[in-house]
Amino acid sequence: DPELVDYPFIYIVEPGGLSLSDEEAAALRRHLLNGGFLMLDDFWGEAQWENMASELKKAFPERTFTDLPLNHPIYHCVFEIKAKGQVPSVRLGVQSEFDPEHRTWEDHGPDSETVHHRGLFDDKGRLMVLATHNTDNGDGWEREGENEYYFKNFSEKISYPLGINVVFYAMTH
């Protein structure tokens with residue numbers, strides 16, 4: 001879309017089924033290398049990760065996702081984030097209050113339990129793609145008013161601080 005340049009921040013939800021045409025991959029590459037930022041969120045398990053990563057390889061065949069360490073500036077630019085918290089869907093989050101194990105992962109296999117924050121960097125070391133895998137930050141932003149337990153434990157503690165830091169980082173780096 002020619003208007004893509006008007007949007008410095010792109011958010012793709014459920015990218016486990018992502019499919020990019022060659023033209024879309026080329027446009028995404030240009031956009032991100034020219035200072036744009038992409039956040040991918042709410043996808044679970046290794047199969048969804050592999051699909052998303054292979055689609056991003058169309059845009060960046062020479063780059064590989066790397067795990068972000070907690071000392072990366074994105075975790076310290078507004079809020080101090082000391083852990084990569086998992087945000088479940090609102091339904092699962094409400095249930096976790098009464099689950100003795102407080103399960104917060106969507107069951108897409110045993111590889112769905114651990115949260116990953118992985119990134120792609122440009123040649124100058126700027127994070128240009130952030131993939132928050134095995135977590136649903138978007139539900140923390142959009143569903144926060146549905147349940148007080150969910151709001152206090154997932155929106156306030158995890159989704160909001162991370163989202164604010166991500167937008168701040170994307171607009172200042």
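This is a predicted model: local features need pLDDT of at least 70, side-chain atom pairs count only at pLDDT 80 or more; totals for chains, interfaces and linings use all residues.
Q: Is His31 buried or exposed?

A: Buried means under 20% relative accessible area. His31 is at 9% relative accessibility, so His31 counts as buried. His31 belongs to helix 1 (residues 22-33). Leaving aside residues up to four places away in sequence, His31 touches Leu4, Val5, Tyr7, Pro8, Ile10 and Gly36.

Q: How many salt bridges does the structure hold?

A: Side chains of opposite charge can pair when their charged atoms come close. The structure holds 7 salt bridges. One of them joins Glu62 and Arg29, at 3.0 Å from N to O.

Q: What does the pair of Glu62 and Arg29 tie together?

A: Glu62 is in the loop between helix 2 (45-59) and strand 3, and Arg29 is in helix 1, so the pair ties together parts 33 residues apart in sequence. Glu62 is partly exposed at 46%, and Arg29 is partly exposed at 28%. A network of salt bridges links Arg29, Glu62, Arg63 and Asp123.

Q: Is Arg126, which forms a salt bridge with Asp122, buried or exposed?

A: Arg126 is buried, with a relative accessible area of 12%. Asp122 is also buried, at 14%. Their closest N and O atoms are 3.1 Å apart.

Key
Residues are numbered from 1 along each chain as its sequence is written. Side-chain values use heavy atoms; hydrogens and water are left out. Helices (H or I, at least four residues) and strands (E, at least two) are DSSP runs, numbered from the N terminus. Buried means under 20% relative accessible area, exposed over 50%, partly exposed in between (1.4 Å probe, protein chains only). Contact means heavy atoms within 4.5 Å. A salt bridge is a side-chain nitrogen of Lys or Arg within 4 Å of a carboxyl oxygen of Asp or Glu.
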